[in-house]
Amino acid sequence: MQLSVIILNYQVRYFLEACLDSVFRAIHDMDAEVIVVDNHSMDDSCAMVREHFPQVRLIENTINLGFARANNRAVQQARGEYVCILNPDTLVTEDGFKELYAFAKAHQQTSSERPKEAQGDATPSGLGAVGPRLLDGSGSYLPESKRNVPTPRIALGKLLGYGQNYYAKQVDEQAVAKVAVQVGAYLWMERKHFIEMNGFDEAFFMYGEDIDLSYRLSQNGYSNYYHGGVTAIHFKGESTVPNADYYNRFYGAMQLFYQKHYKASAALNMGVTALVSLAKWVASIKKYSMPEKPVPRAIILVADSDSLMKPLESQFNQTVQRISWKACSGASFRRNLVIFDMESGSYRQLISTLDRLKNQENSYRLRPANCNFILGSDHARAQGEVILLEQ
């Protein structure tokens, strides 16, 4: 089997359904499986998967195991040569997996080609993790798609608003290049290498697992890559809002990372402890406001049929304009609400449109195929919106 796609879900039933719609399009001509691990969601995520995607291998945890433990257990059960760790609030293109598979195959090396310091435990490939270019729900680029190792100095700079060195800005957004750290929202690697590294360190509950795994891969002679030629959407949502809880989790994970990989010293421990305390203090005094959401001038439906027109006009109490998917490829929108009907369109064209029209103050929503809802997000720090439509 070529690929196992592993999706860890917690309480995002509708985003999961959209994700699965895109994933099954991407694997339709691959030898692949999809594993959904649910971390004890209290919504009807599992019921939805069983009803609409019976081909999925569903693992239902009775408690929230966290990111690392849940993904590790799924990889142990996976059968693919490669695994793709994928967040449920992501959308992939129809050709994205095939492009990453071809890239991985092209970058396999014999053990003799790996660095001498990494040949003690010879393995058949020098490729570590690879990940794509990520956009948020507005089409804006997510710089965490490629990162440097967050040393204490770099982490302090990020806290103080100087994140240039945290993100790998030395690598062009469209490039294909080696990077130090890959993001766990869409992480592709050989299953045997994941197991060789003992997977994600389960001491991390949320945040830091991908940094730690990327670092360990590099330390063992593998090369991590950023693939700017493959693009996906990562809605992200409220878990990344920079509040006290976020800082506590993020810098707590950094403290664990430093204790694990940096030479222990009283000075380092004191410095890291001070950094975590400073992060919490900054969160307590700093006020974050979301950009004001513009009132859309028009509602535009991108679809090849009129079937959604009436439900949308009833929902918004406003006239809806429709254009075809073909016409959308050259259309320009500004300050509109644009709704994509995925019944007749491709995720590749949707993502291409968002990428092309970023910074035009539009809001974007999509209706996954055969679904009675639309969803989307206007900002990487904003909770996603789900609107149920009348039948």
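1. At 48% relative accessibility, Asp 29 is partly exposed (buried is under 20% relative accessible area, exposed over 50%, partly exposed in between, with a 1.4 Å probe and protein chains only). Lys 98, at 28%, is also partly exposed. Their side chains form a salt bridge, 3.1 Å from N to O (a side-chain nitrogen of Lys or Arg within 4 Å of a carboxyl oxygen of Asp or Glu). The pair links distant parts of the chain, 69 residues apart: Asp 29 is in the loop between helix 1 and strand 2, Lys 98 in helix 4 (helices are DSSP runs of H or I, at least four residues, and strands of E, at least two, numbered from the N terminus).

2. The model is predicted; local features need pLDDT of at least 70 and side-chain atom pairs 80 or more, while totals for chains, interfaces and linings use all residues. Residues are numbered from 1 along each chain as its sequence is written, and side-chain values use heavy atoms, without hydrogens or water.

3. Within helix 1, Arg 25 and Asp 21 lie 4 residues apart, about one turn. Their side chains meet in a salt bridge at 3.4 Å, N to O. Asp 21 is buried, at 12% relative accessibility.

4. Asp 306 and Arg 322 form a salt bridge with the closest N and O atoms 2.5 Å apart. Asp 306 sits in the loop between strand 10 and helix 10 and Arg 322 in strand 11, so the bridge ties together parts 16 residues apart in sequence. Asp 306 is partly exposed at 48%, as is Arg 322 at 34%.

5. Shared partners join Arg 133, Glu 173, Asp 355 and Lys 358 into one salt-bridge network. The count of salt bridges is 28.
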